[in-house]
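Subject: Structure handover and notes

Dear colleague,

I am passing on the structure we spoke about, with the sequence alongside. My notes on what was found follow below it.

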Amino acid sequence: MTDLDRLAELGPARARLDERELDLIDRARQGGATWAQIAGALGLASRQAAEQRRQRLLTAARARRAHEDLRYAPSIVILRQAVSELHRAIAADRRWGQRFARAALVRDTVAIAVDAAPSGLYALARQVADDLAAGRTRLPGHVRLAVEKLTESLSMPR
């Protein structure tokens, strides 16, 4: 293996390391760690620096995912956009948790689907659409529109 071959391996290795760091940050936060504690573990000067680092890692991961989506199928790009719109609509709804019995599950499934690999995105989106189908009329208008886009994107040929 030449030095050029080794250099070519650095990009994918760095991407895997970034994904791992993002995962560990998120798991630490879910486990109750403060941003100040995370900053200390990362050798950063402040909680703000840790939050900014997570945001940069997330942005880069989503850009890589978008590139992967384009290689997979154009319909996946459209489906991910629909899932992302639904995610934003649900996040903006202060009463979401009380809308219907499975609202919390739908919110969590959508949050996972936003960053899911293309191979799992369709199944997660289909589950969300099925869970929302029965109570669609009780949803606020902006969420209903996002659900309609999701349903349309699921009907596209893969």
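How much space lies in the second largest pocket? The answer is about 280 Å³, where a pocket is, on a 1 Å grid over the protein atoms alone, an open set of points where a 1.4 Å probe fits, with protein on both sides within 12 Å along at least five of seven lines, and where lining residues have an atom within 4 Å of a point; grid points are joined across faces, edges and corners, and the volume is the space filled by probe spheres set on the points. Of the 13 residues lining the second largest pocket, R62, R80, Q81, S84 and V114 are the closest to its centre.

Please keep in mind that this is a predicted model, in which local features need pLDDT of at least 70 and side-chain atom pairs count only at pLDDT 80 or more, while totals for chains, interfaces and linings use all residues. Residues are numbered from 1 along each chain as its sequence is written, and side-chain values use heavy atoms, with hydrogens and water left out.

As to the overall fold, the chain has seven helices and zero strands, helices (H or I, at least four residues) and strands (E, at least two) being DSSP runs numbered from the N terminus. The C-alpha trace spans about 60 × 40 × 20 Å along its principal axes, and 35% of the 158 residues count as buried, that is, under 20% relative accessible area with a 1.4 Å probe and protein chains only.

Returning to the second largest pocket, its lining draws most on α4 (74-92), which gives six residues, and it divides into four nonpolar, three polar and six charged residues; here Ala, Val, Leu, Ile, Met, Phe, Trp, Tyr, Cys and Pro count as nonpolar, Asp, Glu, Lys and Arg as charged, and the others, Gly among them, as polar.

The largest pocket holds about 540 Å³ of space and is lined by 18 residues, with L22, D26, R54, L58 and D115 nearest its centre. At least two lining residues come from each of α1 (3-30), α3 (47-72) and α5 (103-114), and the largest share, seven residues, belongs to α1.

R54, in helix α3, touches L22, I25, D26 and W35 when residues up to four places away in sequence are not counted, contact meaning heavy atoms within 4.5 Å. Although R54 and I25 are 29 residues apart in sequence, their C-alpha atoms are 7.3 Å apart in space.

Helix α1 has 28 residues and reaches 40 Å from its first C-alpha to its last, close to the 40 Å expected at 1.5 Å a residue, the expected span being 1.5 Å times one less than the number of residues. A15, E21, L22 and I25 of α1 are buried, and their cover includes α2 (35-42) and α3. After α1 comes G32, whose phi is positive, near 105 degrees.

Finally, D69, also in α3, counts as buried because its relative accessibility is 2%. D69 touches I76, V77, R80 and P118, again leaving aside residues up to four places away in sequence.

With best wishes

Conventions
Buried means under 20% relative accessible area, exposed over 50%, partly exposed in between (1.4 Å probe, protein chains only).
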